[in-house]
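Visitor: Hey, I've got a protein to look at and I'm new to this. Can you walk me through it?

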Amino acid sequence: MKFQERTVLSVAVSVTRNDGKMGFLSEVGINFFMGMIGMKINIAFASDNGYVQHMGCCIASILANSRAEEQLHFYILDGGISEENKNRVEKLRQISPCEIEWLKPDMNLLKGCPIISHFSINTYLRLLLPEMLPNVDRLIYMDCDMIVTSSLAELWTTDLQGRSLGVVSEFLEYTQDENYQRYKRDLNYEVTFNAGMLLMDMTRLHESQKFRTALQWTIENAERIACADQDALNTVFADDCLYLPFRWNIQIRPQYVMKCLPFVKDEEVKRTLAESVGIIHYLSGEKPWHYLYYEPQRGFYWKYLQLTEWKDYRPERPKFKQRLKYFKSTNPYYQAYRRFRLRVKRYFFPEKKNA
């Protein structure tokens with residue numbers, strides 16, 4: 001039974017409130033019909049050996065929070081994963097029955113894609129998904145640095161209202177960050193989404209070939225993009241995406257969230273950050289598996305890692321200079337001291353103006 005046919009049953013009793021949460025009838029509808037016919041949920045990842053542990057942790061969290069009636073099918077784009085690590089991933093079936101399918105992409109298709117900041121070449125692999133999965137009609141793509149803390153059934157049954165993608169806004173959309181506003185102006189964006197989670201209508205994407213367009217855009221604009229293929233996806237799908245509740249991509253950037261939180265006016269976003277129920281996304285180069293990571297959501301990663309073959313992993317303790325550098329960049333009292341010292345310096349030693 002295809003996705004569209006299954007959805008007719010659940011949507012017939014669905015009620016979605018204005019705050020993005022599902023009403024009582026919707027929950028009853030999903031539970032009842034899933035019990036009758038089951039629900040196949042397709043989920044895709046792209047990884048190499050460097051991130052396979054974290055992908056495995058994310059898969060473990062999905063399985064641990066899934067309902068008995070859900071039929072999970074994982075498609076993994078193999079960007080260089082050893083057989084040993086593949087076997088570790090396969091053992092995740094012990095948490096809950098699921099299907100795991102390995103796909104070997106043609107990496108030559110990504111020639112010309114720029115390597116930016118902490119992004120690797122594998123981040124572009126999601127652009128190959130429609131071509132690699134011609135018989136899949138709906139798909140959830142997820143980055144490896146995510147953790148799921150609830151069932152994905154509600155996300156999966158979302159009506160995309162004729163759009164190709166279901167996405168979540170960048171957290172910075174809810175703030176007054178000047179650098180972000182400048183970034184949007186440079187690329188002529190009105191609003192941007194974070195591409196770490198994509199709910200994909202694969203039928204529409206097979207027909208439109210828009211992911212191939214996004215790949216070509218990335219190669220042609222390699223010198224001006226800042227966020228890898230996320231820039232391309234925002235450009236190509238600006239008018240062909242549906243914005244979903246923040247809970248489906250709760251973006252955590254160390255120190256930055258707390259710094260910007262006072263500027264966030266959306267109470268639902270604040271509540272979602274506090275509750276962390278949905279999909280947690282660990283942004284930036286600092287991750288919860290690093291020694292110096294102190295965000296509250298760090299515990300979710302270590303909780304679900306215990307369900308995997310990597311449960312004995314321990315982060316390497318950084319050297320003193322690294323710890324000192326991290327302290328200086330994150331401690332609010334030290335930052336206040338730096339600002340005070342700078343103001344004093346400018347007051348007593350003003351810069352000489354050019355004659």
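Visitor: Okay, how many helices and strands does the protein have?

Guide: The secondary structure comes to 15 helices and ten strands. Keep in mind that this is a predicted model.

Visitor: How much of the protein is buried?

Guide: Out of 355 residues, 51% count as buried.

Visitor: Let's go inside. Which residues touch the most other members of the largest nonpolar core?

Guide: That core has 54 residues, and the ones touching the most other members are Ile-43, Phe-45, Ile-62, Phe-74, Ile-140, Met-142 and Met-197. Helix H3 gives the largest share of this core, with eight residues. There's also a second, separate core of 36 residues, and Leu-127, Leu-133, Phe-193 and Leu-198 are among its members.

Visitor: What is Ile-62 in contact with?

Guide: Skipping its neighbours within four places in sequence, Ile-62 contacts Ile-43, Phe-45, Leu-72, Phe-74, Met-142, Val-148 and Leu-152.

Visitor: You mentioned H3. At what angle do H3 and H13 pack?

Guide: About 85°, with their axes 8 Å apart. H3 covers residues 52-64 and H13 covers residues 298-305. Angles from 65 to 115 degrees count as roughly perpendicular, so H3 and H13 fall in that group.

Visitor: Which residues meet there?

Guide: From H3 you have Gln-53, His-54, Cys-57, Ala-60, Ser-61 and Ala-64, and from H13 you have Tyr-301, Tyr-304 and Leu-305. The residues of this contact divide into six nonpolar, three polar and no charged.

Visitor: Does Trp-310 count as buried or exposed?

Guide: Buried, because its relative accessibility is 7% and the cut-off for buried is under 20%. Not counting residues up to four places away in sequence, Trp-310 touches Val-52, Gln-53, Gly-56, Asn-85, Arg-88, Val-89 and Leu-305. Trp-310 and Val-89 are 221 residues apart along the chain, but their C-alpha atoms are separated by 9.8 Å.

Visitor: Switching topic: what is phi of Ala-228?

Guide: It's near 55°, a positive value in a residue other than glycine. Most residues other than glycine have a negative phi. Another one to look at is Ser-276, which has a positive phi of about 55° although it's not a glycine.

Visitor: Where are Ala-228 and Ser-276 found?

Guide: Ala-228 is in the loop between helix H9 (210-220) and helix H10 (229-236), while Ser-276 is in the loop between helix H12 (267-275) and strand S10 (279-282). Ala-228 is buried, with a relative accessible area of 0%. Ser-276 counts as buried too, at 4% relative accessibility.

Visitor: Last one: how many of the eight residues of H10 are buried?

Guide: Seven of the eight, so H10 is largely enclosed by the rest of the structure. The buried ones are Asp-229, Gln-230, Asp-231, Ala-232, Leu-233, Asn-234 and Val-236.

Key:
Residues are numbered from 1 along each chain as its sequence is written. This is a predicted model: local features need pLDDT of at least 70, side-chain atom pairs count only at pLDDT 80 or more; totals for chains, interfaces and linings use all residues. Side-chain values use heavy atoms; hydrogens and water are left out. Axes are lines fitted to C-alpha atoms, for helices over the stretch in contact, and angles run from 0 to 180 degrees between N-to-C directions. Helices (H or I, at least four residues) and strands (E, at least two) are DSSP runs, numbered from the N terminus. Angles under 35 degrees count as roughly parallel, over 145 as roughly antiparallel, 65 to 115 as roughly perpendicular and the rest as oblique. Contact means heavy atoms within 4.5 Å. Ala, Val, Leu, Ile, Met, Phe, Trp, Tyr, Cys and Pro count as nonpolar, Asp, Glu, Lys and Arg as charged, and the others, Gly among them, as polar. A nonpolar core is a set of buried Ala, Val, Leu, Ile, Met, Phe, Trp, Tyr and Cys residues joined through side-chain atoms within 4.5 Å. Buried means under 20% relative accessible area, exposed over 50%, partly exposed in between (1.4 Å probe, protein chains only).
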